[in-house]
Amino acid sequence: SHLPASVSFHSEIVDFDVKYEQKGSKIIMTMGVALKFLILEPNQFAEWNKFVAQKKKVISETIELKRK
């Protein structure tokens, strides 16, 4: 069986972590996001866009389940 790799993204404006684990017959995804700003400034847009792209890639991950 294959679980997606854990992913972390940390920058001056956001911390993002995703972890997958299997417990018995269940697959558990834990995701944490911590925003480090109240107002996103224009000079932070590029960093924000990197975060959004990474998050989109991670949450679009496909897990294939098969019967035994």
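Tutor: Lys50 and Glu47 form a salt bridge, with their closest N and O atoms 3.8 Å apart. A word on the source: this is a predicted model, where local features need pLDDT of at least 70 and side-chain atom pairs count only at pLDDT 80 or more, while totals for chains, interfaces and linings use all residues. Residues are numbered from 1 along each chain as its sequence is written, and side-chain values use heavy atoms, with hydrogens and water left out.

Student: What makes Lys50 and Glu47 a salt bridge?
Tutor: The term asks for a side-chain nitrogen of Lys or Arg within 4 Å of a carboxyl oxygen of Asp or Glu. The N and O atoms of Lys50 and Glu47 are 3.8 Å apart, so the pair qualifies.

Student: Where do Lys50 and Glu47 lie?
Tutor: Both are in helix α1, three residues apart, about one turn of the helix. Helices (H or I, at least four residues) and strands (E, at least two) are DSSP runs, numbered from the N terminus.

Student: Why is Glu47 called partly exposed?
Tutor: Buried means under 20% relative accessible area, exposed means over 50%, and partly exposed is in between (1.4 Å probe, protein chains only). Glu47 has 26%, so it is partly exposed.

Student: How many salt bridges does the structure hold?
Tutor: There are three. One of them joins the side chains of Asp15 and Lys36, at 3.2 Å from N to O. This pair links distant parts of the chain, 21 residues apart: Asp15 is in strand β2 (residues 14-23), and Lys36 is in the loop between β3 and α1 (45-59).

Student: How do you know that Asp15 counts as partly exposed?
Tutor: Its relative accessibility is 22%, so Asp15 falls in the partly exposed range. Lys36, at 43%, also counts as partly exposed.

Student: What makes Glu21 and Lys19 a salt bridge?
Tutor: Their closest N and O atoms are 3.9 Å apart, so they meet the cut-off.

Student: Which residues form the largest nonpolar core?
Tutor: It has 10 residues, including Val7, Phe9, Ile13 and Phe51. Strand β2 gives the most to this core, with four residues. A nonpolar core is a set of buried Ala, Val, Leu, Ile, Met, Phe, Trp, Tyr and Cys residues joined through side-chain atoms within 4.5 Å.
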